[in-house]
Amino acid sequence: MRNYVLPIVAVVVLSTAAPAMACDSGGLISMQRALAVATDLGLVTVSHTQFAGDEWQIEGRDMSGRYMEVDVDARTGEVLNVDR
């Protein structure tokens, strides 16, 4: 009997958990879309990605290993700045 108590409690607890809900991005592009924009510009490896309120800041290296930073507008997906 004792061997059945814990699994039954686990099933009851897990069955009452609320499902995860998708959040509304408010018309902002996703990080994946910003990474795709940076990749199109030549970014090969990503070392840091940060959302700065109105832009995605993506840092990494290009094909030849040089440092590269791409800033992408979070509303339009346009490139704001490219530092090499």
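The questions below go from the whole chain to single residues.

Guide: This is a predicted model, in which local features need pLDDT of at least 70 and side-chain atom pairs count only at pLDDT 80 or more, while totals for chains, interfaces and linings use all residues. Residues are numbered from 1 along each chain as its sequence is written, and side-chain values use heavy atoms, with hydrogens and water left out.

Visitor: Which pattern does the protein chain follow along the sequence?

Guide: Helices (H or I, at least four residues) and strands (E, at least two) are DSSP runs, numbered from the N terminus. Counted in this way, the protein chain has 2 helices and 4 strands. Read along the sequence, they give the pattern α-α-β-β-β-β.

Visitor: What share of the residues counts as buried?

Guide: Buried means under 20% relative accessible area, exposed means over 50%, and partly exposed lies in between, with a 1.4 Å probe and protein chains only. Among the 84 residues of the protein chain, the buried share is 21%.

Visitor: In which order do the strands lie in the sheet, and which strands stand at its edges?

Guide: Two strands are taken to pair if DSSP finds at least two bridges between them. By that rule 4 strands form an open sheet with antiparallel pairing, in the order β1-β2-β3-β4. Each edge strand has a single partner strand, so one side of it is left without a neighbour in the sheet, and the strands at the edges are β1 and β4 (79-83).

Visitor: Over how many bridges do β1 and β2 pair?

Guide: In the hairpin of these two strands there are 3 residues between them, and Gly53 takes a positive phi near 85°. Along the pair, Thr45 stands opposite Arg61 in β2, and Leu43 has Asp62 as its bridge partner. Strand β1 (residues 43-51) and β2 run in the antiparallel sense, and the number of bridges is 7.

Visitor: Which residue forms a salt bridge with Arg66?

Guide: A salt bridge is a side-chain nitrogen of Lys or Arg within 4 Å of a carboxyl oxygen of Asp or Glu. The structure holds 1 salt bridge. Its closest N and O atoms are 3.0 Å apart, and the partner of Arg66 is Asp62.

Visitor: Is Asp62 buried or exposed?

Guide: Asp62 is found in strand β2 (residues 55-62). Its relative accessibility is 8%, and therefore Asp62 counts as buried.

Visitor: At what distance does the side chain of Asp62 reach the backbone nitrogen of Arg66?

Guide: A polar contact is a pair of N or O atoms within 3.5 Å; within protein, one must be able to donate a hydrogen and the other to accept it, and residues adjacent in sequence count only if both atoms are side-chain atoms. The side chain of Asp62 makes such a contact with the side chain of Ser64 at 3.1 Å. For the backbone nitrogen of Arg66, the distance is 2.8 Å.

Visitor: Which residues does Phe51 touch, not counting residues up to four places away in sequence?

Guide: Phe51 is found in strand β1, and because its relative accessibility is 35%, Phe51 counts as partly exposed. Contact means heavy atoms within 4.5 Å. With residues up to four places away in sequence left out, Phe51 touches Leu28, Trp56 and Ala74.
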